[in-house]
Amino acid sequence: MMLVSTNYIAGKELEMLGLVKGSMVQTKHIGKDIVQGFKSMVGGELKAYTEMMNDSRTQATNRMITEAEALQADAIVNVRFSTSSIVQGAAEVIAYGTAVRFV
């Protein structure tokens, strides 16, 4: 499955199939949340949260691809990601784009 952030793929004529999306809400357990809280006092990267967001983005992307495959898409164009905080220590990642078929 080809994923691009542009609304076209060079050299390809596209048939638009529709919006596809995937989301993931994830949280770290309380022990890691406390450790990251201490880390935020001294500065630096919050590696547990970076890992959590990377995992969430991967899962959301895979769910978006699954929706596109159900439409028999060849690619997803105009791929975007959005994040929001649900509660302290939990975040939602949404991946969305337009499923297309090569003509």
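**Note on a predicted α/β model**

1. Start inside helix H2. Ser56 has a relative accessibility of 1%, so this residue counts as buried. Ser56 belongs to helix H2. Beyond its neighbours within four places in sequence, Ser56 is in contact with Met24, Gln26 and Val93. Please keep in mind that the model is predicted.

2. Overall layout. The protein has two helices and four strands. Read from the N terminus, the elements run β-β-α-α-β-β. Of the 103 residues, 31% count as buried. Contacts between residues at least 6 apart in sequence are the ones considered next: 74% of them join residues at least 24 apart.

3. The sheet. Four strands form an open sheet in the order E1-E3-E4-E2, and the pairing is mixed. Strand E1 (2-3) and E2 stand at the edges with a single partner strand each, so one side of each has no neighbour in the sheet. E2 and E4 run antiparallel and are joined by 13 bridges. Within the sheet, Ser23 stands opposite Ile94 in E4.

4. The largest nonpolar core. This core holds 16 residues, and Val20, Met64, Ala68 and Ile76 touch the most other members. At least two residues come from each of strand E2 (14-27), helix H2 (47-70), strand E3 (75-87) and strand E4 (90-102). H2 gives the most, with seven residues. As background, nonpolar side chains tend to be buried together in soluble globular proteins.

5. Ala68 and the second core. Residues up to four places away in sequence are again left aside. Ala68 is then in contact with Met1, Val20, Ala73, Ile76 and Ala99. There is also a second, separate core of five residues, including Val4, Ile9, Ala75 and Val100.

6. Ala60. Which residues does Ala60 touch, not counting those up to four places away in sequence? They are Gly22, Ser23, Met24, Val93 and Ala95. Ala60 lies in helix H2. Its relative accessible area is 0%, so Ala60 is buried. The C-alpha atoms of Ala60 and Ala95 are separated by 5.6 Å, although the two residues are 35 apart along the chain.

7. Thr61. This residue is also placed in helix H2. Thr61 counts as buried, at 13% relative accessibility. Why buried? The cut-off is under 20% relative accessible area, and Thr61 has a value of 13%. Not counting residues up to four places away in sequence, Thr61 touches Leu3, Phe81 and Ala95.

8. Gly22, seen from the strand side. Gly22 is in strand E2. With a relative accessible area of 5%, Gly22 is buried. Leaving aside neighbours within four places in sequence, Gly22 is in contact with Ala60, Arg63, Met64, Val93, Ile94 and Ala95. Gly22 and Tyr96 are 74 residues apart in sequence, yet their C-alpha atoms are 6.5 Å apart in space.

9. How many salt bridges does a search of the whole structure find? It finds two. One of them pairs Arg101 with Glu15, with the closest N and O atoms 3.6 Å apart. Arg101 lies in strand E4 and Glu15 in strand E2, so the pair ties together parts that are 86 residues apart in sequence. Arg101 counts as partly exposed at 26% relative accessibility. Glu15 counts as partly exposed at 34%.

10. Salt bridge between helix and strand. Glu67 forms a salt bridge with Lys21, and the closest N and O atoms are 3.2 Å apart. This pair links distant parts of the chain, with Glu67 in helix H2 and Lys21 in strand E2, 46 residues apart. Glu67 is partly exposed, with a relative accessible area of 28%. Lys21 is partly exposed too, at 41%.

11. Surface. The protein exposes about 6400 Å², of which carbon and sulfur atoms supply 54%. Val25, Ile86 and Val87 form a nonpolar patch on the surface. Together these three have about 260 Å² of accessible area. Val25 is found in strand E2. At 47% relative accessibility, Val25 counts as partly exposed.

Conventions: Residues numbered from 1 in each chain as written. Predicted model: local features only at pLDDT ≥ 70, side-chain atom pairs only at ≥ 80, totals over all residues. Heavy atoms only, no water. Core = buried A, V, L, I, M, F, W, Y, C linked by side-chain atoms within 4.5 Å. Buried < 20%, exposed > 50% of the residue type's maximum accessible area, 1.4 Å probe, protein only. Contact = heavy atoms within 4.5 Å. Areas by Shrake-Rupley, 256 points an atom, 1.4 Å probe, with all protein chains shown as cover. Patch = residues over 30% accessible without salt bridge, like charges linked within 9 Å, V, L, I, M, F, W, Y side chains within 5 Å. Salt bridge = Lys/Arg side-chain N within 4 Å of Asp/Glu carboxyl O. Pairing = 2+ DSSP bridges.
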